[in-house]
Amino acid sequence: MNLRVFESEQDAAVACAARVREAVTSHPSLVLGLPTGRTPLNVYRELVALHERKAVDWSRARTFNLDELLGVSAEDGGSFRAYMDRHFFQRVNLSEELIHFLDGAAPDAEAECARYEAELAAEGGLGLVLLGIGANGHLAFNEPAEQLQARCHRTRLSRETREANAMLFGDDPSRVPLEALTLGMGALIQSRRAMLLAFGEGKAEAVKAMVEGPVTPRCPASFLQLHRDVEVWLDRASASAL
Ligand code: GLP
């Protein structure tokens, strides 16, 4: 794992956005895996700023978001899709037909996961995936468990994870759905390149477990130790337990 520790979250976000810009510029039809959460907000802001300066063209890039809350439609302001529209999709020149998303309101969740997995396979898998990490070591919505799943699947969220997502639901964790749809570990580990971001002291223990701990389903992010090309972007606080 290639660790990059920055003085501040903002410094990391600027450098990370520059790296993504380079990747999209050198490979315009890049398949990007994208996260939601608080962590990538500054990166999206920097990417939008680069777009406004005409420093990057998104028109041929493909995107696959990592996950979506179950029972929440794209039109719902609390959906991950709405978050992406607000912070990124509506602010750059991505082509709508090249944006891929799990539909949290699909009538058959299993069929929806199979559809998404097949769409990703048809694009050849993720070229570059941006990742956050849960304070409990989760990746996308692959929560710590006895066993992890390789493929896209429906999953139950931990209380901790629902609390972490409460910002989308008026800071009320009880309104966060109990379940979600998520890409599995396979799509993440088989990505050609991964960039994991973690900021703040609250992530320090998870980062330590990911980087220095055993590879264990108790910390899904620890499987990134098996990835061929992963960069871990940290600030001083998230790197403080290493
Ligand atoms: C969420 C998402 C993850 C994200 C993580 C961290 O539940 N499903 O993809 O990386 O939790 O969130 P945050 O960045 O808000 O700490």
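1. A residue is called buried if 20 or more other C-beta atoms lie within 10 Å of its own, exposed if 12 or fewer do, and partly exposed in between, with C-beta atoms placed from the backbone. By this criterion Ala 209 is buried, with 20 other C-beta atoms within 10 Å. Ala 209 sits in helix α7 (residues 204-212); helices (H or I, at least four residues) and strands (E, at least two) are DSSP runs, numbered from the N terminus. Leaving aside neighbours within four places in sequence, Ala 209 is in contact with Gly 137, Cys 219 and Ser 222, where contact requires that the C-beta atoms of two residues, placed from the backbone, lie within 7 Å. The C-alpha atoms of Ala 209 and His 227, 18 residues apart along the chain, are separated by 16 Å.

2. On the basis of the note: this is a predicted model, in which local features need pLDDT of at least 70, side-chain atom pairs count only at pLDDT 80 or more, and totals for chains, interfaces and linings use all residues. Residues are numbered from 1 along each chain as its sequence is written.

3. On the chain overall: there are 7 helices and 10 strands. The radius of gyration, taken over C-alpha atoms, is 17 Å, close to the 18 Å that the globule rule gives for 242 residues, so the chain is as compact as a globular protein of that length. The globule rule is 2.2 Å times the number of residues to the power 0.38. Along the principal axes, the C-alpha atoms fill a box of roughly 45 × 45 × 35 Å. Of the 242 residues, 44% count as buried. Among contacts between residues at least 6 apart in sequence, 81% join residues at least 24 apart.

4. On the annotation: an unreviewed UniProt entry assigns "domain: Glucosamine/galactosamine-6-phosphate isomerase" to residues 10-229. UniProt positions are given in the numbering used here, feature names are shortened, and annotations may be inferred rather than shown by experiment. Over residues 10-229 the chain is 32% helix and 14% strand, and the end C-alpha atoms are 23 Å apart.

5. On the sheet: 7 strands form an open sheet in the order β1-β10-β9-β6-β2-β3-β5, with parallel pairing. Its edge strands are β1 (2-6) and β5 (99-100), each of which pairs on one side only. Two strands pair if DSSP finds at least two bridges between them. Within this sheet, 4 bridges join β6 (residues 128-131) to β9 (residues 193-198), and Val 129 stands opposite Ala 194 in β9.

6. On the antiparallel pairs: strand β4 (residues 67-69) pairs with β8 over 3 bridges in the antiparallel sense, and β7 pairs with β8 in the antiparallel sense over 4 bridges. Ala 180 in β8 is the bridge partner of Leu 69 and also of Thr 155.

7. On helix α1 (residues 9-26): its 18 residues reach 26 Å from first C-alpha to last, close to the 26 Å expected at 1.5 Å a residue. The expected span is 1.5 Å times one less than the number of residues. Buried in α1 are Glu 9, Ala 12, Ala 13, Cys 16, Ala 17, Val 20 and Val 24. Seen down the axis, these buried residues fall within an arc of 130 degrees, so they line one face of α1; the arc is that of the directions from the helix axis to the C-beta atoms. They pack against β1, α2 (41-52), β9 and β10 (230-235). On the other side of α1, Glu 22 and Ser 26 are exposed.

8. On helix α4 (residues 109-122): its 14 residues reach 20 Å, close to the 20 Å expected. The buried residues of α4 are Glu 112, Cys 113, Tyr 116 and Leu 120. They cover an arc of only 100 degrees around the axis, which puts them on the same side of α4. Their cover includes β3 (62-65), β7 (153-156), β8 (179-182) and α6 (185-189). The face turned away from this buried side carries the exposed residues Glu 110, Ala 111, Ala 118, Ala 121 and Ala 122. Just after α4, Gly 124 takes a positive phi of about 85 degrees.

9. On two loop residues: Ala 140, in the loop between β6 and β7, has a positive phi of about 50 degrees although it is not a glycine. Asp 171, in the loop between α5 (159-164) and β8, has a positive phi of about 60 degrees and is not a glycine either. Ala 140 is buried, with 26 other C-beta atoms within 10 Å, whereas Asp 171 is exposed, with 9.
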